[in-house]
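Open the model in your viewer and keep the sequence panel beside it. This tour moves from one selection to the next.

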Amino acid sequence: MRAQVGDRLHVQGRVVGQPETSAEVIEVHGEDGAPPYLVRYDDGHQVLVFPGSDGWIDHPKK
């Protein structure tokens, strides 16, 4: 998984019926775009994330 600042991290819901979550990548702490990522959710909450196999990166067109 590779990301850059401005990309969106999506994580699948963990139980049936739980929606996926999405957050903006605001810092990349790994080498060459690798995790961990500091992300900001739409409500302003920030957290350091080590995404698992249930996550993926969306690279918005610039």
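The stops below cover a histidine, a pocket and a loop in this predicted model.

**Stop one: His10.** Select His10, which is found in strand S1, residues 8-11. Is His10 buried or exposed? Its relative accessible area is 12%, under the 20% cut-off, so His10 counts as buried. Now show side chains. The side chain of His10 makes a polar contact with that of Glu20, at 3.0 Å.

**Stop two: the largest pocket.** S2 gives the most, with 3 residues. The pocket has a volume of about 260 Å³. Colour its lining by class: 8 residues are nonpolar, 6 polar and 2 charged.

Move to the loop between S2 and strand S3 (37-41), where Pro36 has its place. A cis peptide bond joins Pro35 and Pro36, with omega at about 10°. Next, pick Asp32, also in the loop between S2 and S3. Phi of Asp32 is near 55°, a positive value in a residue other than glycine. Asp32 has 69% relative accessibility, over the 50% cut-off, so Asp32 counts as exposed.

Terms used:
Residues are numbered from 1 along each chain as its sequence is written. This is a predicted model: local features need pLDDT of at least 70, side-chain atom pairs count only at pLDDT 80 or more; totals for chains, interfaces and linings use all residues. Side-chain values use heavy atoms; hydrogens and water are left out. Helices (H or I, at least four residues) and strands (E, at least two) are DSSP runs, numbered from the N terminus. Buried means under 20% relative accessible area, exposed over 50%, partly exposed in between (1.4 Å probe, protein chains only). A polar contact is a pair of N or O atoms within 3.5 Å; within protein, one must be able to donate a hydrogen and the other to accept it, and residues adjacent in sequence count only if both atoms are side-chain atoms. On a 1 Å grid over the protein atoms alone, a cavity is a set of points where a 1.4 Å probe fits but cannot get out, and a pocket is an open set with protein on both sides within 12 Å along at least five of seven lines; lining residues have an atom within 4 Å of a point. Grid points are joined across faces, edges and corners, and a volume is the space filled by probe spheres set on the points. Ala, Val, Leu, Ile, Met, Phe, Trp, Tyr, Cys and Pro count as nonpolar, Asp, Glu, Lys and Arg as charged, and the others, Gly among them, as polar.
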